[in-house]
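Open the structure in your viewer and keep the selection tool ready. This tour goes stop by stop.

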Amino acid sequence: MSAKSLTPEFFDRKMSAEASVIIPTHNRAHFVFAAIDSVIAQREVNFDLIVVDDGSTDDTWQGLERTATAVHAEHANRRSMRIVRTENRGVAAARNTGIALASAPLVAFLDSDDVWGPDKLACQIEYMRTHRECVISQTDEGWLSNGGRVNPGLRHRKAAGDIFIDSLRTCLVTPSTVILRTALFHEIGGFDEDFIAAEDYDLWLRILARHEIGFLAEHHATRCSGHPGQLSMLPAIDRFRILALLKLLATDDLNSVQRRAVCEVLAEKCDIYAKGLARRGRGDFAALVFEFAKNARDSWCDGGDGAREECAHAAATMRTHITHHVSIS
């Protein structure tokens with residue numbers, strides 16, 4: 001399926017967007033329109049909403065067409081909504097597609113099963129305006145699981161500043177709370193489209209290795225969980241996190257403290273994943289992943305050219321494994 005889009009000219013926009021908002025969606029007609037409504041309800045800010053339908057087979061696209069037409073009719077002076085339909089390539093590719101269309105200096109993400117409070121964009125844009133040195137920030141969030149409110153554990157507590165090491169074991173950045181400078185996204189290389197899960201973990205670590213993050217302590221987003229189809233519930237998600245860590249070790253972006261921390265977490269995750277492979281009769285690849293763990297403890301921490309080259313080779317091997325065995329649980 002080739003990409004199908006309602007182009008910017010469709011809307012004859014009369015405003016300059018302060019932020020582009022990207023919503024990827026796939027077969028979530030029962031969620032995505034609440035997410036869209038929460039964006040349209042944003043106060044005191046001009047924005048460009050781009051919704052990417054990642055090859056949905058339900059009635060998502062038809063609903064998006066109706067919604068985009070209504071938004072144009074009612075809000076064309078301060079809001080625009082563009083919709084794009086592509087073949088099913090995954091959330092990473094969908095977000096990249098959306099950002100390729102973005103023209104605003106800031107970009108914000110919203111997952112199609114999450115919602116924003118009405119002042120989210122205004123507060124965050126003002127924060128980025130008054131903290132010119134900040135290239136990425138996030139807000140705090142509330143959690144809903146199976147329709148009921150839950151309290152995040154202490155290990156999920158967000159903070160400002162250098163959170164790279166703390167984010168290695170637990171992803172401490174949530175897509176629906178983030179805003180970042182569009183130039184940073186292009187500089188860092190966007191989402192890795194081979195990741196069908198943990199694509200945000202991979203991107204955030206690449207950013208956090210170089211930059212501190214800003215933080216607004218107010219709850220401006222609600223994160224919904226406990227329903228079928230969530231990528232965070234994908235079995236064996238650690239294989240994607242292992243690839244993300246190997247990719248980092250193959251670069252020269254890490255200082256010595258960061259590199260040691262990455263190696264420590266990589267060894268832990270490799271041990272866990274290799275044991276799972278062995279239980280499922282994949283002893284050949286399990287032995288190789290155990291070898292990754294050993295190298296992470298013994299030789300990859302020095303960061304020399306040889307270590308980075310070995311990590312690049314390991315990352316390529318892991319990438320091939322992922323693309324050929326995406327159904328392994």
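A salt bridge here means a side-chain nitrogen of Lys or Arg within 4 Å of a carboxyl oxygen of Asp or Glu. Note that this is a predicted model. It holds 26 salt bridges.

Start with Arg-282 and Asp-284. Their closest N and O atoms are 3.8 Å apart, and the two form a salt bridge. Asp-284 is exposed, at 58% relative accessibility.

Next, select Arg-129 and Glu-18. Their side chains meet in a salt bridge at 3.2 Å, N to O. The partners sit 111 residues apart: Arg-129 is in helix H4, Glu-18 in the loop between strands E1 and E2. Arg-129 is partly exposed, with a relative accessible area of 37%. Glu-18 is partly exposed too, at 25%.

Now pick Asp-53 and Arg-85. This salt bridge has its closest N and O atoms 4.0 Å apart. Asp-53 lies in strand E3 and Arg-85 in strand E4, so the pair ties together parts 32 residues apart in sequence. Both residues are buried.

Move to Lys-247 in helix H8 (residues 238-249). Is Lys-247 buried or exposed? It is buried, with a relative accessible area of 17%. Its contacts include Phe-195 and Ala-315.

Select residues 199-208: ten of the ten residues in H7 are buried.

Finish with Glu-133, Asp-162, Asp-166 and Glu-212, which form a negative surface patch. Asp-166 belongs to helix H5 and is exposed, at 52% relative accessibility.

Technical notes: Residues are numbered from 1 along each chain as its sequence is written. This is a predicted model: local features need pLDDT of at least 70, side-chain atom pairs count only at pLDDT 80 or more; totals for chains, interfaces and linings use all residues. Side-chain values use heavy atoms; hydrogens and water are left out. Patches are made of residues with over 30% relative accessible area and no salt bridge: like charges are joined within 9 Å, nonpolar side chains (Val, Leu, Ile, Met, Phe, Trp, Tyr) within 5 Å. Accessible areas come from the Shrake-Rupley method with a 1.4 Å probe; for residues, only the protein chains shown count as cover. Lys and Arg count as positive and Asp and Glu as negative; His and the chain ends are not counted. The place of a charge is taken as NZ of Lys, CZ of Arg, CG of Asp or CD of Glu. Helices (H or I, at least four residues) and strands (E, at least two) are DSSP runs, numbered from the N terminus. Buried means under 20% relative accessible area, exposed over 50%, partly exposed in between (1.4 Å probe, protein chains only). Contact means heavy atoms within 4.5 Å. Lists of a residue's contacts leave out its neighbours within four places in sequence.
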